[in-house]
Every structure is written in structure tokens, then in C-alpha cells.
Amino acid sequence: MQRALLPLLAAGLLVASAAGAKAADTPQDKANYLSYQGTWKIADKGTVYPAGFPKIENHVITVAIDAGKKLKYTDNWDIGGQPGSSAFDGAWDDKPYPTSDGHMTSYKRVSARSYADHWTDDKGTAGEDHCTFTADGAHMNCTGSVTPKGGKKASYKEHWDKVQ
């Protein structure tokens with residue numbers, strides 16, 4: 001699997017990555033957004049990747065902490081029978097934090113039900129996602145893109161179902 005495809009997965013994926021927010025969360029912080037915490041599985045229906053991308057299977061993001069300012073998750077997938085993963089432990093502060101697979105990723109809340117992320121890898125590939133939760137918090141829809149260094153931008157759509 002080409003290294004350039006892995007960032008695509010990690011991007012919506014969350015999809016996200018901070019090395020630890022020091023500011024304390026308040027009850028008001030938690031009340032102002034729909035929590036991303038839980039286990040999310042990508043759905044075939046509503047997910048569209050560019051032509052030529054390999055089949056992605058068993059794609060699951062487990063968000064352990066979404067506590068106002070803090071965000072911590074693991075992202076796991078299989079491509080062509082090869083497992084991949086990434087972990088993020090950071091904040092919703094639009095500052096880049098390292099992920100376990102070598103990316104620098106930032107997250108920010110855009111509204112009470114949406115967020116945006118941006119990431120880069122060590123080869124110069126960049127990506128971004130814009131995700132919106134349904135009002136009941138049971139689904140998440142993302143649009144995103146990945147651009148390899150010196151390459152052509154590829155856009156995609158992902159639909160996620162909250163399974164826990």
C-alpha cells in the first residue's frame with residue numbers, strides 16, 4: 001500500500017490529535033457541541049472514494065475522549081488485507097499535534113455539530129476533512145481531500161455510523 005493512501009484514511013477519519021490540552025474543560029464547553037465520543041464505523045452507503053483507491057475494510061474510529069477541549073482516539077482499518085492504524089491524543093484548538101503514524105494533525109470545531117481537520121505527513125502529502133453530525137448524533141458525514149506533494153488533489157465523501 002502506498003504511504004500516500006494512509007493519510008486519506010487517517011484524515012476523516014478521523015478521523016484526528018493533540019499532545020494534550022492543559023486547559024480544564026467546563027460543563028459549558030461540553031454543552032456547546034455534539035460529542036464525537038464513541039465508536040464509529042464507516043458505512044459503504046454514502047462513502048465515495050476516487051477511482052483507483054483500494055478497498056478499505058473494517059474501518060473503525062474509537063473516540064475515547066471528547067471532553068470540551070480534549071480529543072483522543074484510535075483509528076483502525078484494513079487495506080488489501082493489511083491492517084493500519086493511527087492514534088491521536090490532543091485538543092480541539094486548531095494547532096497541529098503528532099499522531100502515532102507520523103502525521104501532524106489539527107482539529108477545530110466549526111459549529112455545535114461540525115468540525116474540520118487538517119493534516120500533513122512527512123512526505124509533504126496534505127489532507128483536510130469537514131465533518132457534520134446528524135442532529136441525533138448517530139451519523140457523521142464528511143467531505144475531504146488529499147493532495148500528494150506535487151500531485152493532484154483527490155476528493156472523497158465518507159459516511160460514518162455510531163455503533164457504540
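Q: What makes up the secondary structure of the protein?
A: In this predicted model, the protein has 2 helices and 10 strands. Read from the N terminus, the order is α-α-β-β-β-β-β-β-β-β-β-β.

Q: How do you know that Asp 66 and Arg 109 form a salt bridge?
A: Look at the gap: their closest N and O atoms sit 2.4 Å apart. The cut-off is 4 Å between a side-chain nitrogen of Lys or Arg and a carboxyl oxygen of Asp or Glu, so this pair qualifies. The count by this rule is 1 salt bridge. Asp 66 belongs to strand E2 and Arg 109 to strand E6 (residues 104–111), so the pair ties together parts that are 43 residues apart in sequence.

Q: Why is Arg 109 called partly exposed?
A: Its relative accessible area is 24%. Buried would need a value under 20% and exposed one over 50%, so Arg 109 falls in between.

Q: How do you know that Cys 131 and Cys 142 are joined by a disulfide?
A: The S to S distance is 2.1 Å. Two cysteine sulfurs count as a disulfide within 2.5 Å, so the pair passes. The structure holds 1 disulfide. With Cys 131 in strand E8 and Cys 142 in strand E9, the pair ties together parts that are 11 residues apart in sequence.

Q: Why is this disulfide called right-handed?
A: Because the torsion about the S-S bond of Cys 131 and Cys 142 is about 115°.

Q: What makes Cys 131 and Cys 142 count as buried?
A: Cys 131 has 1% relative accessibility and Cys 142 has a relative accessible area of 2%. Across the protein, buried residues make up 43% of the 164 residues.

Q: Which residues touch the most other members of the largest nonpolar core?
A: That core has 18 residues, and Tyr 36, Leu 71, Tyr 115 and Met 140 touch the most other members. To belong, a residue must be buried, of a listed type such as Leu, Met or Tyr, and joined through side-chain atoms within 4.5 Å. Among the elements that give two or more residues to this core are strand E1 (38–48), strand E3 (70–79) and strand E9 (139–147). In soluble globular proteins, nonpolar side chains tend to be buried together.

Methods
Residues numbered from 1 in each chain as written. Predicted model: local features only at pLDDT ≥ 70, side-chain atom pairs only at ≥ 80, totals over all residues. Heavy atoms only, no water. Buried < 20%, exposed > 50% of the residue type's maximum accessible area, 1.4 Å probe, protein only. Helix = DSSP H or I, 4+ residues; strand = E, 2+ residues; numbered from the N terminus.
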